[in-house]
Each structure stands twice: as structure tokens, then as C-alpha cells.
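Here is a short note for a colleague opening this entry for the first time. Please read it with the structure in view.

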Amino acid sequence: MVLWTVVALVVVVAGAGTAVYFWADGRVRTTDAFGEYAGRPKAGQGTDWLLIGSDSRATLTPEQRRELHVGANEVRNTDTLMIVHQGDHGTTMVSLPRDSYVAIPGHGQGKINSAFALGGPKLLTRTVEQATGLRLDHFAEVDFLGFVDVVDALGGVRICVPAGGLRDERSGADFAAGCQEMDGVQALSYVRARYSDPEGDLGRVRRQRQLVSAVADKASSPAVALDPWRAGPFLSASLDAVTVGRRTDVRDLFRLARGLRGAAGDPEGTERALTVPLRSEGEVPGAGDVVVWDRRRAGELFAALRDDRPIPTSDLK
């Protein structure tokens, strides 16, 4: 979710002029997302972001929770996790399935998305750094309501649903196959669906990247970016939706967006967008369904990103 939000935000800011730039920079919300700790990875080459979509329900009314099919659970997890690396070989998006079974510092083994609930952004960034060996430079987050508001401010997006359609009672998804317009609530249900998807969380991360492409395309179109009556509300909704680490400003978001527009255009995960290599899926007592990374191939992938080398051929699929 967060990827297309920051893409769209900076597309509008870039075309709006200096005054709007400083206004936008002053409105960006920040959080303390990083902390020093013993054994923290050393800085690598290039720039690495952790982008997340959180499933916080704290700001939702009972009516909104029913409409968005998110229930009343107050536990704050992450529905979307992606590492974005920018360097001499371009931009690479790496999806981290939320059910990835990893070490969470101070809490043993668990699903990677639970780190956010256990210790907020600081524990999540530390968990990701220790699992990947990458030292993260930036953090950005969008929550449920921000996701919906941004898509609606954009006027909806066009999504092509694969053959067989997509139906998921728990997320509210009910889509026939074919290309169609989706509003914010529908887009949220589309990217959250996983229980009726034979690929589970892996199918969901592909739909997330598909939505990145759809929103980036519409946000950068002249019909939105050059129309102040559409760009203004859209920019305001985007600013309200995004929370970034304290070291991040609109200039960083602009640099991120320039690279993401190329990566987002490849939603099937070939050259620029991929999922961390996986070894297996299964069930762990107390944790439920989990996915386990292929440590050798994942290690090669993250080593390539750390050194800013081309991605290993075996992962380009």
C-alpha cells in the first residue's frame, strides 16, 4: 500500500512548485523508527527503505471497521512489508511475506509482521535488518484508512483481475475476472485477500505490486497531476496517510518515487520486483501458518543488494 501512496504524493509535489513543496515537507508525519543496537549491520552501498502497510484499527469507527472488513482486533500488525533498494543498478522491490517465520529480537521466533505489534517501528526495523543483513536507511508506513482515502481521492484505480476472479469473505473481496474500476474499499479488499487464494500470502504480495503499478500510472497521468482540483485533495490525502522515519523528508520520497515508477511497472515480479526466495510453507504450533525463507538464496539476494550488485539470476523470476 505505502509504495503507491508515496509515488503518487511526490509526483504531485514535483509538479506543483516550490511553495507546495515546503508546505508538503512541513506536513509529513514522522516517527522514531530506528535505534542503535549491538551487532547492527554496517551501511551498504545504495539506499534501502522499509515500506509497510499497517493494519491499525485504532482510528476506525465501528462502521468503518464493518465496511472495511477488518474486525475489532486492536493488535497492530503489518499487512504489507517491502524492502526497496536503490543503487547503480536501478530500483528493486523485494516483498517480505507477512507470515515469514524469523527471529524477533527479545521474543524468539515468530511471524515477521508481529514485530510491529510487539515493539512498533523500532522492533520491526531491527527484525528486518537482522533477518536480511541490510542496514535500513528509511522507513515509511500507511494504515488502512489512509489507503482507502488516497485511492478515493485519486478517483479509484483500474485493476485487471486474473481468470477465475477473486472472492474472499474475510477481506470482502468479490471480483469477477477482467479489468474493472475499484474504489478505496474495494482496492483494500483486493490486496488483503488471501484465505481463498491457493497461493495465500504469496498471491497477496503479487496483487500488492499490481496495485502499485495501477496507482503510479494514474497518479502520474496529466489528468491528475496537472489538474489542481484533483491534485490538491489527492496530495492532502497522501500527506495524511504517510508516516516516515525522522530522517526522511519529501526530497527522499521524491528520489524513492522516481525509481519506484520503473519497478512498479513490473507487477509480476521479474526484473525489478520479486518476493524473497522461500523454502517451504507449513504450520507452527502457536504461530499458525508460516513461510520459511530459503536461507542460501535469500542470503545471496540480500548480499547483492548490500553490495549494490545485480540480483542473482536464480531470483529473477
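Predicted model: local features only at pLDDT ≥ 70, side-chain atom pairs only at ≥ 80, totals over all residues.

1. Cys-160 and Cys-179 form it, with their sulfur atoms 1.9 Å apart. The link is right-handed, with 95° about the S-S bond. Cys-160 sits in strand S8 (residues 157–161) and Cys-179 in strand S11 (residues 178–182), so the pair ties together parts 19 residues apart in sequence.

2. The largest nonpolar core has 42 residues. Those touching the most other members are Trp-49, Phe-147, Leu-154, Val-157, Ile-159, Tyr-190 and Leu-211. Helix H5 (residues 144–154) gives the largest share of this core, six residues. Another core lies apart from it, with 28 residues, among them Ile-52, Val-128, Ala-131 and Ala-298.

3. Look at H5 again, this time with helix H9 (residues 228–241). Their axes come within 8 Å and cross at roughly 170°. Angles over 145 degrees count as roughly antiparallel, and that makes H5 roughly antiparallel to H9.

4. Which residues meet between H5 and H9? From H5 come Gly-146, Asp-149, Val-150, Ala-153 and Leu-154. From H9 come Arg-230, Pro-233, Phe-234, Ala-237, Ser-238 and Ala-241. The residues of this contact divide into seven nonpolar, two polar and two charged.

Terms used
Residues numbered from 1 in each chain as written. Heavy atoms only, no water. Disulfide = S-S within 2.5 Å. Helix = DSSP H or I, 4+ residues; strand = E, 2+ residues; numbered from the N terminus. Core = buried A, V, L, I, M, F, W, Y, C linked by side-chain atoms within 4.5 Å. Buried < 20%, exposed > 50% of the residue type's maximum accessible area, 1.4 Å probe, protein only. Axes fitted to C-alpha atoms, helices over the stretch in contact; angles between N-to-C directions. Parallel < 35°, antiparallel > 145°, perpendicular 65-115°, else oblique. Contact = heavy atoms within 4.5 Å. Nonpolar A, V, L, I, M, F, W, Y, C, P; charged D, E, K, R; others polar.
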